[in-house]
Amino acid sequence: MTELDVRSARSDQLVAGQKSQWEIIVGLEVHAQVTSQAKLFSGASAAYGGAPNAHVSLVDAAMPGMLPVINRYCVEQAIRTGLGLNAEIHRVSRFDRKNYFYPDLPQGYQISQYKSPIVGEGEIEVEPEGEDAIVIRIERLHLEQDAGKSIHDLSPSETFVDLNRAGVALMEIVSRPDMRSAKEAAAYFNKLRAIVRALGTCDGNMEEGSMRADVNVSVRRAGTREWGTRCEIKNVNSTRFMMAAIEYEARRQIEILEAGGSIDQETRLFDPDKGETRTMRSKEDAHDYRYFPDPDLLPLKLDEAWIAEIKASLPELPDAKKKRFMSEYGLSLYDARVLSSDSESAAYFEAVAKSRDAKQAANWVTQELFGALNKKGLELAASPVKAEALGALLDLVKDGTINGKIAKDVFAKMMETGEAPGAIIEREGLRQVTDTGAIERAIDALMAAHPDKLDDVKQNPKAFGWWVGQAMKATGGKANPQKVNEILRAKLGV
Ligand code: MN
């Protein structure tokens, strides 16, 4: 047992094998691309896409004699991220060469940080869905270069190399092996993504590969303390795949161990089509890379005042936002979690809640809006209903122009057409009927049509609901429900 080994799986997290119960141990190495216009050591564009090899400087192409120059902006983003992870900022850090040969890495080494990373230990609070919050420790964050891309599918006999990505700044954020389930790992990744997005240090765009995870998985028999041999699943770029990969990999290891075999330390790939992991290469150890300090780069020394300045400029982070949503708006922990998890949702909610009933606003955003967006497969940014329009709809309920039920129909139309609620209400004649004369006439007609139900409601108070339903239906759902209740009670004598 080591001092790292502080968390034990809860009994409901254990995985049953044929012979015994097993604990899953997960640690993540997340590569997050710094939102910088230029690369880490050159002035070439770091923009996604572009014609192949359009964003390549002589430094990125590793021409002889070229010298790397550190990009101050990228260093600042690493510090911001470190502060956002409640981590130690190292006043002195170093860059090392990590040697390996890939066609898409013309230097023959990656400039990374090995023994002296810019950011040391930290921790973040993570909230697995439907579970209590847990603390996951961060081991380190270091800056390093991304590699280029080999393209194998343009020709049957040749491989092409695109160096646009070569030299782009990455922050590698390494967790402690603190996670005990696929769900915890996904929650950790999502929280990390929410933090870097709130900080603006990484756009978190997983489709473009701006954030991807290497997932370390091992298993051990429940109740034992020594670590199992781990396998690393490379470059997982969605939390759904991450969870599937962890679950598959844990089962694979358990089966081998229960059959008396042993786990080979290796790097594996997850195949999303087959839902399984397979061997990519046997895992290198650090000494295989022959790390050594890059003689072209001086130690990176940080100025106290600069760190303080960055600290003072940090935005409100998701956890602080969550707490504020609970205290300022009286939201439940659940709603506060959902609405603070990304800055777009938070801003949308606050725009709707401003000078309105905040709990009602939270309900509309988390249930009606998110539900409808989900159905349409749309992101919040692409929502046909903007915060101002949803706010206007709530105002129309509050001032009695429409009732709550009609509001849902109007909202559905807003989602379809992107129109303002007022326009839909006027065009479709959905204004609430508060004219008691009209409601009375509708109720009189109902009573004349159903004389048999009149006695019924006197003996059985539950039958009153039937009358309310019929009266609402008779007015096309537009009647003021309170007035309908009052008039019905008076006329039926209940
Ligand atoms: Mn790395």
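**Figure 1. R10 and E131 in a salt bridge.** R10 is partly exposed, with a relative accessible area of 32%. In this predicted model, the side chains of R10 and E131 meet in a salt bridge, at 3.3 Å from N to O. The pair links distant parts of the chain, 121 residues apart. R10 belongs to the segment before β1 (15-16), and E131 to the loop between β6 (122-126) and β7 (134-145). E131 counts as buried, because its relative accessibility is 16% and the cut-off for a buried residue is under 20%.

Figure 2. The side chains of D214 and K234 meet in a salt bridge, with 3.0 Å from N to O. D214 lies in strand β11 and K234 in strand β12 (residues 231-236), so this pair ties together parts that are 20 residues apart in sequence. Are these two residues buried or exposed? D214 is buried, at 1% relative accessibility, and K234 is buried as well, with a relative accessible area of 18%.

Figure 3. A salt bridge joins the side chains of D271 and R278, at 3.2 Å from N to O. D271 is buried, with a relative accessible area of 12%, whereas R278 is partly exposed, at 43% relative accessibility. Elsewhere, salt bridges that share partners join E125, E127, K191, D319, K322 and R337 into one network. The count of salt bridges comes to 39.

**Figure 4. A patch of negative charge on the surface.** Which residues gather in this patch? They are D203, E207, E208 and E379. D203 is found in the loop between α2 (182-199) and β11 (211-221). D203 is partly exposed, because its relative accessible area is 33%, between the limits of 20% and 50%.

**Figure 5. A nonpolar patch on the surface.** L58, M63 and M66 form this patch, and together they have about 270 Å² of accessible area. L58 lies in the loop between β2 (21-33) and α1 (72-84).

**Figure 6. The setting of the close-ups: the whole chain.** The chain contains 15 helices and 16 strands. Along its principal axes, the C-alpha trace spans about 95 × 55 × 55 Å. The radius of gyration of the chain is 30 Å, while a compact globule of 494 residues would have one near 23 Å. Of the 494 residues, 48% are buried.

Methods: Residues are numbered from 1 along each chain as its sequence is written. This is a predicted model: local features need pLDDT of at least 70, side-chain atom pairs count only at pLDDT 80 or more; totals for chains, interfaces and linings use all residues. Side-chain values use heavy atoms; hydrogens and water are left out. Patches are made of residues with over 30% relative accessible area and no salt bridge: like charges are joined within 9 Å, nonpolar side chains (Val, Leu, Ile, Met, Phe, Trp, Tyr) within 5 Å. Accessible areas come from the Shrake-Rupley method with a 1.4 Å probe; for residues, only the protein chains shown count as cover. A salt bridge is a side-chain nitrogen of Lys or Arg within 4 Å of a carboxyl oxygen of Asp or Glu. Lys and Arg count as positive and Asp and Glu as negative; His and the chain ends are not counted. The place of a charge is taken as NZ of Lys, CZ of Arg, CG of Asp or CD of Glu. Helices (H or I, at least four residues) and strands (E, at least two) are DSSP runs, numbered from the N terminus. Buried means under 20% relative accessible area, exposed over 50%, partly exposed in between (1.4 Å probe, protein chains only). The radius of gyration is taken over C-alpha atoms; the globule rule is 2.2 Å times the number of residues to the power 0.38.
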